Every structure is written in structure tokens, then in C-alpha cells.
Amino acid sequence: EFCSNHNFIKIEKEDYTEKEDCLYQIGKPNDEKVQEKENNEESKQDAHGSDLKAASSLKFSKGAEELFGVIFEEEFPDPDGNKNIIQKKDLSKLQYISRREAVLLAACHQMQEMQNKQPDRKVGAVAFSSTVSVIGDGSQKPAKYAGDVLNNFETLLDNGKKLYNEHMMNTILDISKLYNEHMTNTILDNFEILMKKLAKHPEGGSTALGPAVTVALGLASQGKPGSSVIICTDGLANVGLGRTESSADLAAANAFYQKLGEFARDNGIIVSVVTMKGEECKVDMLGKIADATNGIVLRVSPETMSEDFAKVMGEEVIGTKVELKLVLHRALKFRNENPDNLKVDGSICTKVIGNVTKRTERSFEYEIKSLLDQQAQGIDLTGLDEIPFQAQITYELPDGSKYLRVINKSQNVSNDKKEVEQNARVDILATNAAQRNADLALQGKLAEAEENSKKWGSYMSKDIMSNAQKAEQLAQVENFQKQNLAFASAVQQQKEKKVSGKDADDLATNMYNMKQINSSYWNQK
């Protein structure tokens, strides 16, 4: 089908199938991973920046408010001269709370949800300011790092791996049991010990974000594939690896965060980045880790922090180490792809996808080869009325088992452009265009991004809009045009260098989100 040659092969009858979609297991589960799956363990590290200062009033669940009061207990001198009085902080009487408190309160809220729905999940924390503290699940004394070690990638990563067995031993329920054995006189939520230790991490003006993420990835790499790391900060990384405060550090920082992203992807870790609106954090750098692992990039405010955390913590990896191989008919070739990923004169494309979640979508563009190429490659299209396509997807599940999914489809050939456009999947075309636009912009190829945006904008408005017959198609085109105009405006601002600092972070966040867009986006009303 693909090469137009008749090849004769010997195959057993039971091995032959006419199914379009076939799934094959090509690797057995890892015994250790099976045990972890049975325990439903997930390593979730929160590299939490403690340098948060602004304030806002918030609303959260009763349980989260109660826990907040215990975490931020206030100490008052006893007028009788006895031991100082410890009093819970009453959130209901506060008009404002700091951003740091808002982050912890949002974390309390989400941990309570986790306690109810996924009580066997492993949760740990890594806090950072001018130093890095590995709190883990809270059951052990925090391991602290400072000084020259914050510039040593291998040491930080190896230490993170070694600390897993000591600092990530317990699930949320295990922590409760350990704590209640020693604190029987206090009624506490299961994860209070962890949150209290996180709250006690000293605030500081410096941000050792790069070293903290390195240690967190070391920890998460020892959990099961599909573990996640959530980076939360409101400032520029300015201590140790990955510092971005000085322009002289940017080239090294760029390579560093790219390296972290590749490590996380190869170890089946999904990384999401949460930064604070109104503060500069160099999202274009930090976002590289999320981009490489299919994580989420968010700019948040205290008012919506709980919902934003829910979105991030709700991400579930359904496949890791995903690799996609697409096979076209020899008369076709891929376009806009890295030449290193192409074989057989551009008719076969292999790409490493990494982690996949339920929202992950990838699309590809192809075109017919020139007549000269067809003649040179001995391709004859005479009598060809349908063209075959094949996708081969290899992936791993959290238990370590490996699978190969093979999907075969044939597409009828048509010479009627109008007929084809009347039946076009506008949502897929729009997703492809938006992802390509964002990818070019994030690479700094602003002229190419602008050209691609104009090309797709014109095609959608003239060709698709004039030939589309379904109301759904027309609505999707309108949504695409709105998004495409906003993108064009953002690119123009970048070209004219009108955005910098926190505004550049807002823009980078939008670009990363646009690169992760999927077809459901275009159905919004």
C-alpha cells in the first residue's frame, strides 16, 4: 500500500488481522512498578518559593481554613508569666493574607481533596529561598542545601534520588498514623505535619529555584512513571543553577532548563509551572521544563489560586516515553518537521512525544511530492483512488509495561477542493495552526510565526468560511480568527520589543498554553 510494490510474505492465519486499530504488548510490567501501582503511590513534589508578599482576601473550604489556623499558629506572652499562649490564626477575621499564605492555603485545600479521593498517594515538598530544604513527606528532619552545592547539578540530582527512600516513605494516610502516634492530644488533618514544616521554611530575598527543581526531579525520578513536580514561585531565580537575574546568565540558564526538561521527560515526570501575576519570573525559561514534559504553565492570582492548583494537580499521565512513528504513501512527504526526524525521502516521521495526558493532541502537515521527485523516485499515481496512512505509537504505562498501538487508515482521493473543505475538521486545522504558531514564537522565529499566522488566517476566512456548511464549522473558524488576531498582535509587540519583565511572562505563559491547545478549545461559545 505504502510503496506500491507487491511484497509476498509468509504469515500464520491467526497472526493476520484486518482491524484498523491494533494493540500489542511488547514489554512486561516491572515487578517493583506493579507493587507501586497496587499501592497507588504518586510522587508529587512542590518546589515552593517562600518569597511571597502581596495580600488578598480569599474563600476556601472549612477544613482548609481550620488547617490554615493550625499551620500559622500565633504565640502570645502569658500575662501570668507562665508558658506563652499558642493560638490558632482565625482566617475569618483576617482582611488580607500574604501570597505565601495563599499558596499554602490553596495547597491545604487540594491536599484535603487528595486525602478524600486518593489517600494512598505520596506527596512531598521541596522549599527554597536562598537555601533548599527537602521536606519530603514531612516524616523526617528536612535535608538542607546551601553554598557551592547549589551550583553542582550532579550532586543535587543524586542527593534527591538518595533522599527518596528516607523522605518519601509515606502516603498521606501513613503520615497521619505516624503523627497521631506522637501527637495524640491534638486533632489534626492527615497532612498537617507536612504543611507545618513547609510553612516554617524561612522567607528570604533570594530564590534558589534551579537547585530546588533539580533535587525535586531527583526525588520524583525514584517514584513510579507518571509522577509530577509542581514548581511554584513569584520571583527570578538568582541563586545557584539556572539563575536568570543577569543577562550574562541567560544562555546557561536556557541550556539548564532544557536539560531539566529532557531529564524529566525521559523519566516519565510531568512538570507544571505556577507563577504569580504581577511579578517577573522568566516564564520563557521555566516553561521549557513544562513544554518538554507536557505540563501546564500558569500565571495565578490569590483569588483563583485554589482552582488553578486543582487544574494542575488534576493532570494525570496516561502514558510515558511515548514515541510516534507516522508512515505516509511514498507520493507524500511531511512538511515543517525537523529533517532529523524524517526518513524515506520525507515519507516517514518519527517523534519523541514523552508524557501524554488526556488533553494531549499532536498534528502533522504533509503535501504531495513534486513531479520531479515522483519521477526520480519511480512513483506512479495512475489509478490511485485512496491513500493509506499508518501511525505506530509505542508507550509505557506506570507499571512499566510497554505497548505498541498500530492505527491504519485510508483516505479517498478527491479533485474537488470545495467538497473537501465542506467536510473539513476545522478544529483539527485550527489546533495545528495554533500549535505551529506558538512553537515558532517560542523559538524566537517571529517572522515565520507571523507569516504562518497570516497564511492560516487567510485560508480559514476565505476558503473554509466560504465552503463550510455546518454551523459548528463556522463557529470554530470565528473562534480561530479571534485567537489568531490576538496572536498576531502579541508577535508584533515582540518584534517591536514593547514587552518585557512581567508582561513578557504573561505573553510567554499564553504561548506555552497555546502550544498545548487541543481541538476542544475551538468549541467554546
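## Helices α14 and α15

A crossing of two helices is called left-handed if the near helix is turned anticlockwise from the far one by less than a right angle, and right-handed if it is turned clockwise. In this predicted model, helix α14 passes helix α15 in a left-handed crossing. On the α14 side the contact is made by L446, A449, E450, S453, W456, G457, M460, S461, I464 and M465, while α15 contributes L474, V477, E478, F480, Q481, N484, F487, A488, V491, Q492, Q494 and K495. Sorted by class, the residues in this contact are 12 nonpolar, seven polar and three charged.

Two packed helices are described by the angle between their axes and the distance between the axes. For α14 and α15, which spans residues 471–495, the angle is about 160° and the axes lie 10 Å apart. Because angles over 145 degrees count as roughly antiparallel, α14 is roughly antiparallel to α15.

## Helices α13 and α14

Helix α14, residues 446–467, also has a neighbour in helix α13, residues 426–442, and the axes of these two helices come within 8 Å and cross at roughly 165°. The two helices are therefore roughly antiparallel to each other, and α13 passes α14 in a left-handed crossing.

From α13, the residues V426, L429, A430, N432, A433, R436, N437, L440 and A441 meet L446, E448, A449, N452, S453, W456, Y459, M460 and I464 of α14. By class, this contact of α13 with α14 has 12 nonpolar, four polar and two charged residues.

## Strand β11

Strand β11 covers residues 270–276, and because seven of its seven residues are buried, the strand is largely enclosed by the rest of the structure. Both of its faces are covered, with I270, S272, V274 and M276 buried on one side and V271, V273 and T275 buried on the other.

The strand β10, residues 228–233, pairs with β11 in the parallel sense over six bridges.

## Helix α9

Helix α9, which runs over residues 283–293, is mostly covered, with nine of its 11 residues buried. The buried residues are V283, M285, L286, G287, K288, I289, A290, A292 and T293. After α9 comes N294, whose phi is positive, near 65°.

Technical notes. Residues are numbered from 1 along each chain as its sequence is written. This is a predicted model: local features need pLDDT of at least 70, side-chain atom pairs count only at pLDDT 80 or more; totals for chains, interfaces and linings use all residues. Side-chain values use heavy atoms; hydrogens and water are left out. Axes are lines fitted to C-alpha atoms, for helices over the stretch in contact, and angles run from 0 to 180 degrees between N-to-C directions. Helices (H or I, at least four residues) and strands (E, at least two) are DSSP runs, numbered from the N terminus. Angles under 35 degrees count as roughly parallel, over 145 as roughly antiparallel, 65 to 115 as roughly perpendicular and the rest as oblique. Contact means heavy atoms within 4.5 Å. Ala, Val, Leu, Ile, Met, Phe, Trp, Tyr, Cys and Pro count as nonpolar, Asp, Glu, Lys and Arg as charged, and the others, Gly among them, as polar. Buried means under 20% relative accessible area, exposed over 50%, partly exposed in between (1.4 Å probe, protein chains only). Two strands pair if DSSP finds at least two bridges between them.
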